[in-house]
Every structure is written in C-alpha cells, then in structure tokens.
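Good morning, and thank you for making time for this item. Please keep the sequence and the model open while I speak.

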Amino acid sequence: MLSREENELLTRGGPGTAMGALMRRYWIPALLAWELPEADCPPVRVTLLGERLVGFRDSAGRMGLVAEHCPHRGASLYFGRNEECGLRCVYHGWKFDVAGQCVDMPNEPAESTFKERVRLRAYPCAERGGVIWTYMGPPERQPALPELEWTLLPEPRRYASKRLQECNWLQAMEGGIDSSHISFLHRSFNLEATRLPNSQGQEYVRRDRHPRFEVHDVDYGLLIAARRTVDEEQYYWRITPWLMPWYTIIPPFGDNPIGGHAWVPADDEHCWAWSIDWHPARPLSATELATYHAGLGIHSALIPGTWRPQANQDNDYLIDRQSQRTTSTTGIVGISAQDCAVQESMGPIYDRTTEHLGTSDAAIIAARRRLLSAVRGLQHGQEPPGLDAASQRVRAASVVLPKGVPFYEGARDALVARPESYVASA
Amino acid sequence: MLSREENELLTRGGPGTAMGALMRRYWIPALLAWELPEADCPPVRVTLLGERLVGFRDSAGRMGLVAEHCPHRGASLYFGRNEECGLRCVYHGWKFDVAGQCVDMPNEPAESTFKERVRLRAYPCAERGGVIWTYMGPPERQPALPELEWTLLPEPRRYASKRLQECNWLQAMEGGIDSSHISFLHRSFNLEATRLPNSQGQEYVRRDRHPRFEVHDVDYGLLIAARRTVDEEQYYWRITPWLMPWYTIIPPFGDNPIGGHAWVPADDEHCWAWSIDWHPARPLSATELATYHAGLGIHSALIPGTWRPQANQDNDYLIDRQSQRTTSTTGIVGISAQDCAVQESMGPIYDRTTEHLGTSDAAIIAARRRLLSAVRGLQHGQEPPGLDAASQRVRAASVVLPKGVPFYEGARDALVARPESYVASA
Amino acid sequence: MLSREENELLTRGGPGTAMGALMRRYWIPALLAWELPEADCPPVRVTLLGERLVGFRDSAGRMGLVAEHCPHRGASLYFGRNEECGLRCVYHGWKFDVAGQCVDMPNEPAESTFKERVRLRAYPCAERGGVIWTYMGPPERQPALPELEWTLLPEPRRYASKRLQECNWLQAMEGGIDSSHISFLHRSFNLEATRLPNSQGQEYVRRDRHPRFEVHDVDYGLLIAARRTVDEEQYYWRITPWLMPWYTIIPPFGDNPIGGHAWVPADDEHCWAWSIDWHPARPLSATELATYHAGLGIHSALIPGTWRPQANQDNDYLIDRQSQRTTSTTGIVGISAQDCAVQESMGPIYDRTTEHLGTSDAAIIAARRRLLSAVRGLQHGQEPPGLDAASQRVRAASVVLPKGVPFYEGARDALVARPESYVASA
C-alpha cells in the first residue's frame with residue numbers, strides 16, 4: 001500500500017516530474033528497428049514519457065527522434081517529407097536534421113540567419129538488438145548503451161515485439177515482477193497440452209503450488225526467487241531479475257528461449273509493453289518464430305495499422321466463459337491478453353492506497369521501495385542505480401540447490417548473461 | 001425551477017452524497033433474473049448509484065453483488081471464475097463468497113489467517129418479480145422486500161425489461177410522472193390504428209385534450225391525477241402513483257396490462273430505465289409478449305450484447321421527418337425512444353436553474369419537494385418515507401366520478417393493488 | 001508569438017468572452033441556403049460561437065435561428081415539429097415563432113397568459129449569396145448585410161460549401177492569410193498537370209519561389225501582397241485581402257473563378273471552414289461545378305450526413321507516402337485536406353506562446369494585431385472596424401507593376417469588387 005503522494009510520484013513520468021527525471025537517465029526502447037527500415041523512409045509517431053515524438057531515418061541512414069511539432073507554427077512533422085538529409089515540414093518547408101537543427105527555411109530570405117537559431121527538441125538514437133533506443137536525459141549524463149543479453153545477440157537469436165497497453169506503466173511492470181500470479185492467471189487445466197520436453201523444472205512447479213518468495217537486492221535492481229521443495233534435501237529455485245527502471249526477465253523451462261519485458265510509459269495512462277524472446281546459443285526455430293508472429297506466447301496479435309491488441313478491453317479480451325470452465329483460469333487466449341485483462345481492469349492509473357498486499361507481493365513492495373529510493377536519491381544529487389551497462393548482463397535462471405544455500409550464491413554463475421555460451425538450465 | 005444547490009442535491013447519487021444516502025435506504029432493482037440464470041453462471045457487471053459492481057450466483061444458487069475490484073491488487077472480478085461457492089479473482093486466485101468474505105488465498109502460506117481479515121464490499125440480494133434486488137444501505141436498516149404489485153405476481157402475469165438511458169435519473173423520472181406530455185410526445189395522428197377495444201377512457205382522453213392536473217400527497221409518495229370532463233356531471237380521472245424514490249405506474253385503458261417504471265441511477269449521467277407490464281388477473285397474452293420482446297410499447301429494442309437502445313442519440317433515434325409530418329408528433333417509433341429523445345436531449349444532467357415550469361408541471365414540483373424533504377429529513381435523523389412494503393401495494397387507476405368527489409377518495413378502492421383479483425377499470 | 005493571455009483572448013469566442021463580443025457585431029454565415037430548402041422543412045442544428053442553435057423555415061418561408069433547448073424543460077427543438085408558422089417542441093407542445101416568441105402552450109389552461117412571457121433566444125436571419133446569415137449581437141447595433149462580392153452574385157456565378165474543421169478558428173484563418181505556405185503545402189511536382197491556360201502569373205510564381213511579403217492596413221482589414229520579380233523593371237504582385245473578422249480572398253490565375261473563405265468558430269475547438277468560388281462576369285462552367293461537387297479545389301468531399309471531410313485526422317487525411325515522394329509535398333489529395341492536416345495537427349487550440357515567427361509571417365502578425373486592437377477597442381467603447389458593408393466590396397488581384405509603385409496604389413482599381421463587370425487579371 002502506498003500513500004497518495006507515493007503513488008503519484010511513481011506513476012507520473014511526463015516532463016518535469018520526478019519519476020520522469022529518473023527514467024530520462026536511462027536509454028529507452030523507442031521503436032522496433034523495422035519501423036525505420038531504410039534511408040528516407042516515412043516518419044513514424046511515438047509517444048514516450050508523455051512526449052509526442054517523430055522518428056525518421058535520413059538519407060544517410062542516420063536516425064532522428066524529434067519533437068512532433070514544428071517550432072515555426074506547430075504543424076505535425078509526422079506529415080513531414082523525409083528528403084535529402086532532413087525532415088521537412090510540409091506547411092512552410094522548414095527542414096530539420098536528425099540533431100534537430102533547422103537546416104532550411106525556404107520561406108525566409110536567402111540571406112536570413114534565422115534558421116541557425118531554430119532547433120527542434122531531438123534525442124540521440126542507437127540501434128541494438130532489433131530495437132531503436134533513445135536517450136531523453138541531460139546530454140552530459142548519457143550512459144553507455146544497454147547490454148541486456150538480448151540486445152547483444154544477432155537477429156536469428158532474438159525476437160522483439162511491442163504492444164500498447166492501456167494502463168499506467170507501473171501496474172504493468174508490477175505484473176511482470178509478480179511471479180505469484182503465474183500459477184493462477186496463466187494456468188491451463190490441460191497439463192499434457194502444455195508439458196515441455198525435458199523439463200524437470202516444470203514438474204517441480206506442478207508438484208509444489210505454494211512457492212515461497214525471496215527477494216534479494218542487487219546493484220542494478222532485484223533478484224526475485226520462487227522456492228519450491230524438491231525433496232527433503234533440496235529446493236528448486238526460479239529466479240527473475242528486475243533491472244532498473246523497467247526490465248524483467250523470465251526463466252525458461254528446459255532449452256526454450258528466455259523471455260523478457262520492458263514496461264515503458266507512453267503517457268501516464270498507456271505504456272509500451274515490449275516482449276522479447278531470445279536464445280543465447282542457437283537461432284530461434286521456425287516453430288518458435290511462427291508462434292511469436294502469430295501473437296502467441298508473450299507476444300500479441302495486433303489490430304493492423306495499430307499497436308493495439310485484437311483482444312482488448314472493448315471486447316473483454318474475447319473471453320470465452322465456456323473455455324473458462326473447462327480449459328483455463330481465464331477463458332482468455334494468450335499470456336499477454338491475460339495480463340492485459342487484469343492489469344487494465346485495475347483502471348488507467350491504479351490507486352494503491354486501498355490495496356491489500358500479502359507475503360507473495362514482497363517483490364512488488366521491494367521494487368517500489370527501490371524506485372522511490374532512486375527518485376528521492378536523484379532529487380538529492382545521487383546517481384541512479386543500474387546505469388552501469390555491464391551490470392545489465394544478467395540472465396534469469398532456475399536451479400536446484402541444497403537447502404541452506406542462499407539462492408543468490410548458489411545461482412551466481414547461472415545468473416550471468418553469456419551471449420553465445422548458453423547452457424540449458426534445470 | 002431549482003437553485004443550483006438543490007439541483008446538485010437531487011441529481012448526485014454516488015457514495016457519500018445526500019441523495020445517494022437516501023436511495024440506499026430502499027431496495028434497488030439491480031439485475032433481471034435471467035442475467036444470473038443458474039448456479040456458477042458467468043458473473044455480470046452492473047453500475048448502481050455510481051458504484052461498479054459484479055453480480056454472480058454461487059454453486060448453491062445464492063446470489064452475490066460485490067464491488068467490482070479485488071481488494072488485493074484491484075483486478076476486475078468481472079473476469080473472475082465462478083467456482084465452488086465463490087468468485088475467484090483470476091489474477092492471484094483470491095476467492096470471495098456471496099457475502100464478500102475472502103474464503104481462499106492460494107498465494108499465501110496455508111497457515112496464514114490474512115484471508116479472514118479481507119472482505120469485499122457486498123450487498124444482499126433477493127429475487128422477486130423476475131428481478132434481482134439489492135440493498136446498498138446500512139445493514140441494520142434493511143427494510144422488508146418491496147411489495148409493488150408486479151413483484152408479487154407469477155411470471156406469466158408480468159414482464160420486465162431494462163435499458164440504459166444516457167442521462168441523469170431525475171430527468172428520466174420526471175418524464176415518468178409528467179402525464180401532460182403524453183398527449184404530445186406520444187401522440188399518433190392515426191386514431192384508428194391506436195384505438196383499443198372496449199376503452200371508453202381512451203375516448204374521454206381524445207375528447208378533452210386540456211386535462212387539469214391534481215396532485216395528492218400520500219405516505220409513500222404522490223397520487224397524480226389528470227382530470228377530464230365527461231359531461232356536465234362527471235369527470236374522468238386518470239391516476240398515476242409515484243412511489244418513493246423512483247417508481248411510477250401508468251393506468252391502462254380497458255383490460256390491457258398495467259405499465260410501470262423504475263428510474264434507477266447507474267452513474268450521475270446514466271440511469272437504468274426499468275419497464276414492467278403486468279396483469280394481476282390473467283397471464284400476459286402471446287400477442288402482448290411478442291410486442292414486448294420486439295421492444296415496442298414501453299420496452300426497447302436493444303443493440304445485442306448491450307443495454308443501449310438501437311434508436312439512440314447517435315442516430316437521432318432514427319427520426320423520420322416524413323413520418324413526423326404525417327404519422328406522429330415525433331417521427332420516432334416507440335414510446336421509450338420518444339422519451340429518450342427528449343430526455344437525453346436535455347443534456348447529461350439537466351440544469352433546472354433556467355427552466356420555466358407551468359401549471360401542468362405540478363407533479364414534478366411536488367415530487368422534487370418530496371425528495372428534497374426526504375433528503376433533508378434523513379440528514380436530520382428522520383426515516384425516509386415509503387419504506388413500509390405494504391404501502392407499496394398500490395395500483396394506477398382510471399375512474400369516472402361525480403364532480404365534487406375528490407379523486408383520491410372516489411378512487412380509493414381502485415388504487416389498491418390486489419394481485420390475483422383484478423377488475424378492469426373504466 | 002503571443003502571451004498566454006493574448007492567445008486566450010483571440011481564441012475564445014463563446015458567450016461572455018471579449019472576442020465573442022467582437023464577432024457578434026458582424027453578420028455570420030450560419031447555414032447553406034439549401035439546408036432550409038422550403039417552408040416547414042425539417043429543422044437543422046448548428047453550433048456557432050459556442051452556442052447550440054436550431055435553424056428552421058416557417059410556413060411563410062421566414063427563417064428562424066433559435067437556441068436549441070426549449071425554455072420549458074430543456075428538450076432539444078431539433079426534434080421539434082415545424083408546423084403552421086412555428087417550431088413546436090415535441091415534449092409538451094410549446095411552439096415558437098421565428099422571433100423566438102412562444103405562441104402556443106397547449107398543456108396550459110386556455111386562459112393562461114404564461115406564453116406571452118416566454119421567449120426563446122432567437123437571432124435574425126437573412127439569405128444572401130446562397131448562404132443564410134445571422135446576427136448574434138445587440139439588436140440596436142445590427143449592421144447592414146454583407147456586401148462581399150460573392151454575396152451579391154446570382155447563383156450560377158458562385159458556389160459555396162462548408163466543412164467542419166477540427167481546430168480553433170484562428171489557426172484555420174491564419175492558414176488562410178498565410179500566402180507563404182502555398183508554394184510548399186499545396187505544391188505539386190507535376191508542373192504540366194497543374195498549368196492553367198493563359199496564365200502568365202503562374203509562370204512568374206514558378207520562376208521566383210522566394211516572394212517578399214508586404215502588408216498594408218486598410219479600414220476593413222489588411223491587404224497582403226506577395227511580390228515576385230518579373231524583370232529588371234517590374235514586379236508581379238499577388239494581393240490577398242483579409243476582411244474583419246474572418247474573410248480571406250484568393251487571387252485567381254487567368255480567367256478562373258476567384259476563391260474565398262470564411263473561418264467561423266463553431267465552438268472553441270471546431271470551426272466552420274466556408275469555401276466559395278465565384279466569377280463576377282460569367283456563370284461557373286459545368287467543369288468547374290463538377291470539380292466543386294467532387295470536393296476538389298478548395299472544397300471538400302464530406303462523409304454523408306455530416307460536415308466532416310472523408311479525409312480527416314482519424315485516417316491521417318488518407319496520406320499516401322509513395323505519392324509524397326513523387327507527386328506532391330504532402331501525399332495528401334486536395335487543398336482543403338492539406339490545410340486541415342497541418343492546421344488540425346497543431347492541436348485543438350494552438351499554443352502561440354512557443355512559436356517562432358519569421359518575416360513571411362508578417363500578415364499573421366498584422367492580423368492578430370488588428371484583432372487584438374479591435375477587441376480592446378470594443379471594450380473601450382470603440383466601434384469595430386469593417387462594419388461598413390460598402391467597404392467589403394473588395395476583390396483579390398494579381399498585377400504587374402513598375403518597381404517603385406506601391407502595390408496598393410498600382411492595384412487600387414483591380415482591388416475593387418464589381419459584380420457583373422469582371423476583367424481577367426494578369
């Protein structure tokens with residue numbers, strides 16, 4: 001439970017907010033690389049942290065992410081013409097380069113120096129891991145590019161998608177670090193249909209449906225572990241890292257791809273739910289890719305031309321009440337639709353002053369505490385945690401350990417990301 | 001005309017409002033019985049008096065009406081799984097019984113007593129007259145179930161429907177007690193087409209198109225009478241009871257069913273318009289039922305899957321201007337669509353500070369006075385009027401009386417509801 | 001750039017605002033004449049300067065424009081029955097004449113004089129130039145009817161249309177007086193396809209793409225001139241008059257019709273964009289009319305039953321990015337859709353506190369100054385400029401003049417409107 005002030009602090013990310021200032025110190029996943037496929041391609045719109053932006057790729061292939069509205073008289077640069085190394089406003093022809101500098105002002109006299117004094121808000125961009133990243137903070141504080149494992153893998157080994165979720169980023173992210181909901185929200189009643197080959201871990205999970213949760217503070221965020229009893233001497237641990245400010249990683253069963261998310265504010269009532277599957281040691285299989293393209297697993301089938309899932313709050317996520325009786329907890333198809341259903345139903349910005357948290361919410365409590373501490377630290381001049389890119393080289397893991405061994409020690413090696421040197425976990 | 005303060009007082013019914021406190025002292029029609037047809041059926045959503053609620057029927061057939069959002073982390077229980085005597089939140093599996101008690105918390109340790117301390121706001125329910133009723137007030141003040149005539153009749157003798165009207169409850173109810181609009185709004189120019197068999201009353205109405213209105217205070221509300229001259233010695237009276245806080249009853253012509261309404265706030269800008277036809281002495285005929293099912297008479301044809309009429313403000317109620325010239329006052333088909341057109345066009349919450357009331361608005365003035373008096377009385381510790389269920393056994397009536405006989409005396413007997421012993425009125 | 005206060009002052013036109021008071025001193029184009037085609041036709045709705053109004057034509061053919069809501073109990077008179085010299089509210093039958101006087105109150109006693117004291121807000125109407133005009137200001141200050149050239153021509157010589165633009169009136173009007181955007185926003189890359197016969201002026205425009213702008217104050221508003229070099233001794237001038245408070249006139253090339261606009265506030269976030277083509281000396285040709293009916297040129301193809309263009313902000317004005325590369329600046333078809341795209345993309349009410357105006361915005365700066373001066377003048381008791389109808393007899397013109405001759409002197413004769421005596425300009 002949070003106070004009203006704490007809830008406001010954590011859920012507001014626009015310009016001038018404290019949480020917004022914190023988030024702007026990190027690289028932010030902005031666009032899928034294929035949204036800007038080539039030089040001089042059409043510009044695209046994206047709202048991030050309450051700012052309406054336009055992305056484009058210039059004639060030299062450089063990427064730009066700029067304020068949507070032309071500083072002259074405010075027309076949207078989304079309608080702009082992307083030509084000859086700049087995005088030209090169609091209203092009067094003012095043209096801007098990827099750095100936001102006005103480079104042409106055809107409606108002013110040729111001798112005018114006005115254009116040199118006109119700049120458009122612009123953020124640096126970089127492509128990594130199939131994603132175009134941006135940095136919206138103070139230029140002198142720009143950190144190194146992220147080194148999350150999936151960002152370092154070549155294309156056949158990772159697959160990223162995004163959807164627009166219709167609620168505040170925090171309640172979406174809280175779903176991502178909330179291991180205790182998996183056994184209910186995403187439960188299918190047909191065990192055979194969902195059994196993975198060679199996964200002893202899956203068997204442990206089915207046997208012990210009342211895991212205990214442990215949360216361990218690390219420099220970049222949290223390690224969240226679900227502990228299940230294997231036998232009198234051993235525990236089975238499933239460990240989910242949470243990385244500042246919004247990344248989660250899901251331990252796979254067997255030799256399946258690792259899954260991960262980023263939960264990025266669009267505006268305060270919408271967030272970008274990024275979903276990534278990756279395998280450090282092998283290309284994703286045709287079957288796996290077909291599944292992702294179909295919007296299954298942690299991905300979503302979208303309404304064409306939009307980032308909105310086909311199953312959404314207007315159609316009650318296509319719930320099938322008969323299927324809810326016989327097939328799954330929800331009667332809703334797809335992990336992401338199930339997550340959306342519960343998270344969006346909490347309202348556009350969930351009011352945390354009336355909730356009732358239990359022991360299984362320990363990770364959520366810890367993450368809020370870390371976020372509040374980072375926000376307040378920044379206000380007092382402390383650097384935010386997790387900016388060291390090397391610290392992001394972390395992996396989710398599942399391990400069997402003797403009782404008495406702390407999970408973060410016993411799994412120390414398994415938690416290290418090693419692109420190219422993957423060994424299947426338990 | 002009301003002051004701004006009075007208008008606010010009467011039109012706001014949410015939690016914490018004075019009018020809301022008054023309304024919560026009465027049983028409230030919440031759902032049609034067929035919305036919860038059987039044990040463990042899917043839950044349904046309903047908003048009442050500004051509160052978002054979920055109704056369900058448990059494995060034992062008991063009905064529950066509970067707050068929509070799970071007290072744990074706020075997911076909607078509409079998506080809940082109705083199973084083994086409780087509604088289970090699909091997010092983490094918390095389960096609630098019809099009384100709102102948390103009866104299972106599978107994500108907490110087995111030995112935890114947390115669940116005993118978690119309750120969901122829940123309101124008692126009862127089924128009567130084909131309707132599921134709820135009581136949202138202080139438990140110690142729960143009155144006896146309503147005894148409106150139609151609630152006491154077996155199914156073949158009554159038919160109830162509801163629609164969502166897109167305006168405040170009060171302007172809808174004012175339409176219901178406003179007999180003077182009938183001759184205009186609902187007028188058809190084709191006398192033959194609308195003539196009922198054996199109705200002398202209808203003839204009186206057509207002959208005298210300038211009725212005088214009299215309003216008589218009774219303990220449960222008002223008797224509103226329209227007086228028309230029959231001959232030098234007699235008046236024809238049509239008497240419409242209004243029962244606190246929102247019931248109206250319409251006198252029939254001849255041996256036709258009696259009609260009635262309840263006007264119940266959903267939120268302040270929407271209300272549930274309940275429409276009921278009943279005949280105390282005989283089953284409704286196949287023709288009558290076919291008419292109601294078709295959304296004619298006082299009922300509405302709805303957009304499937306919604307409570308919204310097919311004729312609504314987005315399509316100007318399907319007005320036909322040619323028909324307005326030749327066939328009816330409005331060119332709109334159906335009594336309920338005609339009512340919606342004028343009442344919704346007054347705006348979401350009608351501003352009564354600029355209206356111009358005339359003598360024919362006497363009933364509206366009287367009802368507002370009664371409501372204001374009841375609200376203020378309750379604030380000063382007085383019990384609301386009309387809580388005595390026996391007092392609700394009242395019927396609309398039409399009678400011919402000698403001039404000089406007060407209508408409420410001359411019609412005293414005809415105004416008493418007598419389920420099973422109906423005698424056709426004039 | 002304006003201060004926040006100035007921007008508010010110029011963009012708010014509702015009842016009680018300073019700008020609204022100024023605008024209400026002029027005749028306002030309200031409806032197309034064909035919207036009220038005959039006596040007792042159906043009433044129509046229109047919102048002007050934030051007021052919801054209903055227009056009708058009574059049995060004698062007189063036009064009325066009245067407040068939408070019945071003063072009795074607020075029902076919309078749009079649903080009213082237009083009959084026997086009055087518009088009758090369908091709720092209780094109150095009937096109003098074109099002057100707003102209540103002339104029948106059938107639900108009141110015949111001897112009642114109540115109706116004599118009930119009036120509906122009503123504005124005088126007049127038909128001129130295919131348009132129904134209204135005057136919403138103080139009756140004692142009603143000016144003579146407008147004498148804009150197109151209003152004085154018979155039907156075959158002028159064509160008027162309107163569309164609802166989804167932004168504040170001022171940013172729409174600023175587009176109308178902003179000659180410098182023509183060369184960019186409306187530019188087609190296919191010179192041959194857009195070449196008009198016998199237009200030397202078009203050739204001058206193509207040769208000199210950096211016109212200089214001069215703005216000249218006149219009593220009724222502004223003369224805005226774009227100057228291009230013809231040769232060492234001559235300039236080519238294109239002169240656009242702006243008339244208080246919202247009229248613009250576009251100089252034609254060759255013997256083509258003159259174009260003009262009126263930008264009239266519906267509410268503060270929507271405006272009526274009126275578009276008129278006229279030829280003072282000849283009937284519009286079948287080809288020209290076919291073009292206008294198709295929604296081309298300065299007209300718009302509308303969604304049937306609405307005033308909304310088919311190309312609108314919900315479909316990104318049907319932008320074709322391939323066409324934007326090869327055919328036109330925008331990839332959007334139609335001058336009005338191109339204007340809408342940039343003007344609506346500035347937001348519902350453009351914030352002028354952050355813009356960057358250049359030398360080519362001189363006309364906009366001058367118009368704002370004139371409007372602010374007129375608003376403040378009116379507040380201090382000065383009569384608004386441009387009320388003299390004779391002063392509105394002005395025409396756009398294009399002329400070639402020796403260098404050194406001021407355009408407003410050299411073009412003095414060409415700028416005079418002379419219905420019936422047209423001579424094609426350069």
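This is a predicted model: local features need pLDDT of at least 70, side-chain atom pairs count only at pLDDT 80 or more; totals for chains, interfaces and linings use all residues.

Residues are numbered from 1 along each chain as its sequence is written, chains are lettered from A and ligands numbered from 1 in the order in which they are written, and side-chain values use heavy atoms, with hydrogens and water left out.

Let me begin with chains B and A. Here 29 residues of chain B are in contact with 35 residues of chain A, contact being heavy atoms within 4.5 Å. The area buried between chain B and chain A is about 2600 Å², and carbon and sulfur atoms give 51% of it; buried area is the accessible area (1.4 Å probe) that two parts lose on being put together, summed over both. Of the area that chain B buries against chain A, 29% is supplied by B:R73, B:F79 and B:Y91, more than by any other three residues.

Four salt bridges are found across the interface of chain B and chain A, the term standing for a side-chain nitrogen of Lys or Arg within 4 Å of a carboxyl oxygen of Asp or Glu.

I turn to chains C and A. This contact takes 35 residues from chain C and 29 residues from chain A. The area buried between chain C and chain A is about 2600 Å², with 52% from carbon and sulfur atoms. On the chain C side, C:F184, C:R321 and C:H356 lose the most area to chain A, together 24% of what that side buries.

Between chain C and chain A the count is again of four salt bridges. In one salt bridge, A:R45 and C:D316 bring their closest N and O atoms to 2.7 Å apart. On the side of chain C that touches chain A, α3 (169-176), α4 (182-185), α8 (321-326) and α9 (335-345) each supply at least two residues; helices are DSSP runs (H or I, at least four residues) and strands likewise (E, at least two), numbered from the N terminus. The largest share of that side, four residues, comes from α9(C).

Next, the helices. How enclosed is α3(C)? Seven of its eight residues are buried, so α3(C) is largely enclosed by the rest of the structure; buried means under 20% relative accessible area, exposed over 50%, and partly exposed in between (1.4 Å probe, protein chains only). Among the buried residues of α3(C) are C:W169, C:M173 and C:E174.

In chain A, the buried residues of α10 include A:I364, A:R368 and A:L372. The buried residues of α10(A) pack against several elements of chain A, including α1 (4-11), α3 (169-176) and β14 (221-229). Just after α10(A), A:G381 takes a positive phi of about 90 degrees.

Finally, B:T329 lies in the loop between α8 (321-326) and α9 (335-345) of chain B. Is B:T329 buried or exposed? At 8% relative accessibility, B:T329 counts as buried. Its side chain reaches the backbone oxygen of B:F184 at 2.7 Å. Leaving aside neighbours within four places in sequence, the contacts of B:T329 include B:F184, B:R187, C:R81 and C:V90.

Methods
A polar contact is a pair of N or O atoms within 3.5 Å; within protein, one must be able to donate a hydrogen and the other to accept it, and residues adjacent in sequence count only if both atoms are side-chain atoms.
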